[in-house]
Amino acid sequence: MLKGKKREVHQREQLFLDVAAKVLLEEGYPEVSINRVAESTGFSRGTVYQRFKSKEELVTALGLQCRGRLHDVVTRAIESDGRPRARLLGIGEAISCYVKEYPDDQRVLKIIDSELILD
């Protein structure tokens, strides 16, 4: 568990990512910006730039967060005890739970993975 200043920095970073995800999902990639995140959170642009040097870095961090959660869920299922078939079924169940717990992650990843963004 993070304490003090580290917890505050982590919470601020998560707020920035949450705002970026909201803008991305509601208005599309072109509307995501450091300025927009700063305005929406009440922090200065400099504060946002301290953590994310560009829009691309912000969106990359958002994608890594989504992929990281999926990776953690699948890894736990893979590493569980049991026969291979039971573990395979566990992976399917884990992914189902992930989709229910983080319903926007797949939409975020679909947008980020689109050819327009990759270019």
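**Helix packing and salt bridges in a predicted model**

Helix 4 and helix 5 pack with their axes 8 Å apart and at an angle of about 150°, where axes are lines fitted to C-alpha atoms, for helices over the stretch in contact, and angles run from 0 to 180 degrees between N-to-C directions. Helix 4 is therefore roughly antiparallel to helix 5, a label for angles over 145 degrees, with angles under 35 degrees counted as roughly parallel, 65 to 115 as roughly perpendicular and the rest as oblique. The crossing of helix 4 and helix 5 is right-handed; a crossing has this hand if the near helix is turned clockwise from the far one by less than a right angle, and is left-handed if anticlockwise. Helices are DSSP runs (H or I, at least four residues), numbered from the N terminus.

The model is predicted, so that local features need pLDDT of at least 70 and side-chain atom pairs count only at pLDDT 80 or more, whereas totals for chains, interfaces and linings use all residues. Residues are numbered from 1 along each chain as its sequence is written, and side-chain values use heavy atoms, with hydrogens and water left out.

From helix 4, residues C66, R69, L70, V73, V74, A77 and I78 meet R87, G90, I91, A94, I95 and Y98 of helix 5, contact being defined as heavy atoms within 4.5 Å. Helix 4 itself comprises 24 residues (55-78) and reaches 34 Å from its first C-alpha to its last, close to the 34 Å expected; the expected span is 1.5 Å times one less than the number of residues. Its buried residues are K55, L58, V59, A61, L62, G63, Q65, C66, V73, V74 and A77. Buried denotes under 20% relative accessible area, exposed over 50%, and partly exposed the range in between (1.4 Å probe, protein chains only). The cover over these buried residues includes helix 1 (4-27), helix 2 (34-41), helix 5 (84-101) and helix 6 (105-112).

Nine salt bridges are present in the structure, each a side-chain nitrogen of Lys or Arg within 4 Å of a carboxyl oxygen of Asp or Glu. One of them joins the side chains of K5 and E8 at 3.7 Å, N to O. K5 and E8 are three residues apart in helix 1, which separates them by about one helical turn. An α-helix has 3.6 residues a turn, so residues three or four places apart point the same way. K5 is exposed at 56% relative accessible area, while E8 is partly exposed at 41%. A network of salt bridges links K5, E8 and R12.

A further salt bridge brings together the side chains of R51 and E13 at 2.7 Å, N to O. Because R51 lies in helix 3 (residues 45-51) and E13 in helix 1, this pair ties together parts that are 38 residues apart in sequence. R51 also forms a salt bridge with E57 (3.6 Å, N to O). R51 is partly exposed at 32%, as are E13 at 22% and E57 at 30%.

Two threonines were also examined. T47, found in helix 3, is buried with a relative accessible area of 17%. Residues up to four places away in sequence being left out, T47 touches R12 and F16. T41 is placed in helix 2 and is likewise buried, at 17% relative accessibility. With the corresponding exclusion of residues up to four places away, T41 touches L15, F16 and V19. T41 and P84 are 43 residues apart in sequence and lie 46 Å apart in space, C-alpha to C-alpha.
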